[in-house]
Amino acid sequence: MTVFSAYSDEEILDYLKSQVKTGTVVTDEATLRKQSFNPNATGGETGLARAFVEVADVEDIQGVLRTARKFHIAVIPQTTFSSTVIGSDGLTGAIILSTRKMNQILEISKEDSVAVVEPGVVNGDLDKEARKQGLFYAPDPGSKPFSSIGGNVSTNAGGMSTVRYGATKDNVLGLKAVLADGRVVKLGGRTLKQAFGYDLTQLFVGSEGTLGIIYEVTVKLMPIPLGQSVMGVAFFSDMTALAQGVTAIRMSGVYPTMLEALDGNTVVALDKYEKTHYADNSGAMLIFRLEGGSPENVQVVRDLLDKYHGQNVTVTTDEKEEADLEQLRRDILPAVFAGRNHLMEDMAMPLSKLAPMMDYLQELGQKLGITIYTAGHAGDGNVHPTFVWDKDVDEVPEVIIEALRQTFWKTLELGGTISGEHAVGMLKNQWNNPELGETVDQLQHQIKTLFDPMNLLNPKRKID
C-alpha cells in the first residue's frame, strides 16, 4: 500500500532534536537495535525504533511528547531495559524515551523515613545509600542490582521480601509525571496516610508507562531492624509439602522476611551451576530469613519445619553464609537458563492454592513431556515456573505455548492472576478479558483513553 506522508523522516528527526534541549537524540542503527530488542524478553522482535532519546530533565520529556503529538508517533518509556514481557522494546518508527540518566537520589530524609529519587536510580544503589543512615528500601526484586526505581514502579515489582514488606506499590508514597499532553502532575506526597481525592498515585504504579512519564518518585524507607538476621534452609519431599510448611510458618506470628521455594528440578540445575550437592537432600528446598530473629522465633520455625517434615534444617547468623544463600537464590535464573531458550512465568495465587498449583505444574510437565522448573516467593503465593527448550530452536515450540496456555487457565481457575510482579507488556496483553472480565476490560481502555487519547504512550502494552 502506498502511503503519502506529510513529513519526511529527516523533518521529524530535526524537529525532535530541536525539542530536546539538554538530553541526547541518537539515530544510528546499532544503538537503535540494541535499545529496541531486549534479549531478556522472549517473543520475537517487535520493531526498530526511529530514535533513542536520553532525556535529562522534564523539559526534554515534554519536548519528546510534543514531537509525538505533532507527528502521531508512539513513545516507548525505558530505564534500564530489563523487562521480560516485551514491556519496553521498540516499535517500528517509535521514539524510545530513556530516563536512565535521570538517576539522582534527590533526598534521603531520616526524619520522614522517605527517599525522593529520579526514575533512573537503581534499586540496589538506593538501598545502599539508605543503609548509611540506618534505613533500608524494602522491595528487592531479583533484578535489584540493576533494575531502576522507575521501572520497578511502572511494573509494580515485587521480590523476596514482599511477604513482610509488600511490593513496590506498598512502598510508594508519591510521584511526579508528565502526561501525554505535556502537563505535569504531582500525585501523593510524603505522608504515610492520604485520603484526599482518588488515589492516582497507585493508578500509576504498575501502569507500565501507558499513562504518563514518571520523572520523580517518593518512596518509604524502613529502619534497619534491631537484633541479628537469621537465615536458613530446609528440604522437603516435594513442593506440596514445602507449601504446607510455608503456610504454617507464615501463620505462626514470627513474620519472616523471606520464604523462597525451589523445586527439585531447580535445585538440580543450581547444583550443576554452583557445583553444590543440595539435590542429594530431597525434592524441594526452602530458603528462609528472619530479621532480628530471637532464639524463641528461630525455635518456632524449627519446630514447624519438623512438624511438616522438613529435613536437614540448617540455620546461620554468619554474614558470609547468609550472603551466599541470598546469592544462591539470585542464581536460580542463570542456572535454569544456562544454554537454553526460556520463558519464565509469573503467577500469583491465593495462599491456600499454592500447593494445588505446585501439584498441577508437576502433572502438566509429565503430561506434555517437558521439564518445568518451578521456584517462587512462597510466602506471598508468587509462582515462577520456567519453560525451556533447545537453544537452536528460534521459535517458541508449540508444546511450550500449550503449556503456558494451560498454566494460565489453571491459574485463573484457582482464583489467581497470571501477572504477579513482572507486568503484562505484549506477552500477555491478550489475556485482559479472561482475567479481568469484559466490563473491567472496557474500563481499563477508558482510563487509558482519558490519560492518553492519542494512544501514544507505550501502545500495545499493558492493555491491547
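1. Start with Glu395. In this predicted model, Glu395 sits in the loop that links strand 19 (382–390) to helix 14 (398–413). Its relative accessible area is 64%, so Glu395 is exposed; the cut-off for that label is over 50%.

2. Glu395 also belongs to a group. Together with Asp390, Asp392 and Asp394, Glu395 forms a negative surface patch. Asp and Glu are the residues that count as negative here.

3. Next, look at backbone angles. Most residues other than glycine have a negative phi. His72 has a positive phi, near 60°, and His72 is not a glycine. Find His72 in the loop between helix 3 (58–71) and strand 3 (75–78). His72 has 61% relative accessibility, so this residue counts as exposed.

4. Ile86 is another case. Its phi is positive, about 55°, and Ile86 is not a glycine. Ile86 lies in the loop between strand 3 and strand 4 (95–98). Is Ile86 buried or exposed? Ile86 is buried, because its relative accessible area is 6% and the cut-off for buried is under 20%.

5. Now step back to the whole chain. The protein chain has 16 helices and 19 strands. Of its 464 residues, 54% count as buried.

6. Last, check the overall dimensions. Along the principal axes, the C-alpha atoms fill a box of roughly 70 × 55 × 45 Å. What radius of gyration would a compact globule with 464 residues have? The value would be near 23 Å. The protein chain has 23 Å, so the two agree.

Terms used:
Residues are numbered from 1 along each chain as its sequence is written. This is a predicted model: local features need pLDDT of at least 70, side-chain atom pairs count only at pLDDT 80 or more; totals for chains, interfaces and linings use all residues. Side-chain values use heavy atoms; hydrogens and water are left out. Patches are made of residues with over 30% relative accessible area and no salt bridge: like charges are joined within 9 Å, nonpolar side chains (Val, Leu, Ile, Met, Phe, Trp, Tyr) within 5 Å. Accessible areas come from the Shrake-Rupley method with a 1.4 Å probe; for residues, only the protein chains shown count as cover. A salt bridge is a side-chain nitrogen of Lys or Arg within 4 Å of a carboxyl oxygen of Asp or Glu. The place of a charge is taken as NZ of Lys, CZ of Arg, CG of Asp or CD of Glu. Helices (H or I, at least four residues) and strands (E, at least two) are DSSP runs, numbered from the N terminus. Buried means under 20% relative accessible area, exposed over 50%, partly exposed in between (1.4 Å probe, protein chains only). The radius of gyration is taken over C-alpha atoms; the globule rule is 2.2 Å times the number of residues to the power 0.38.
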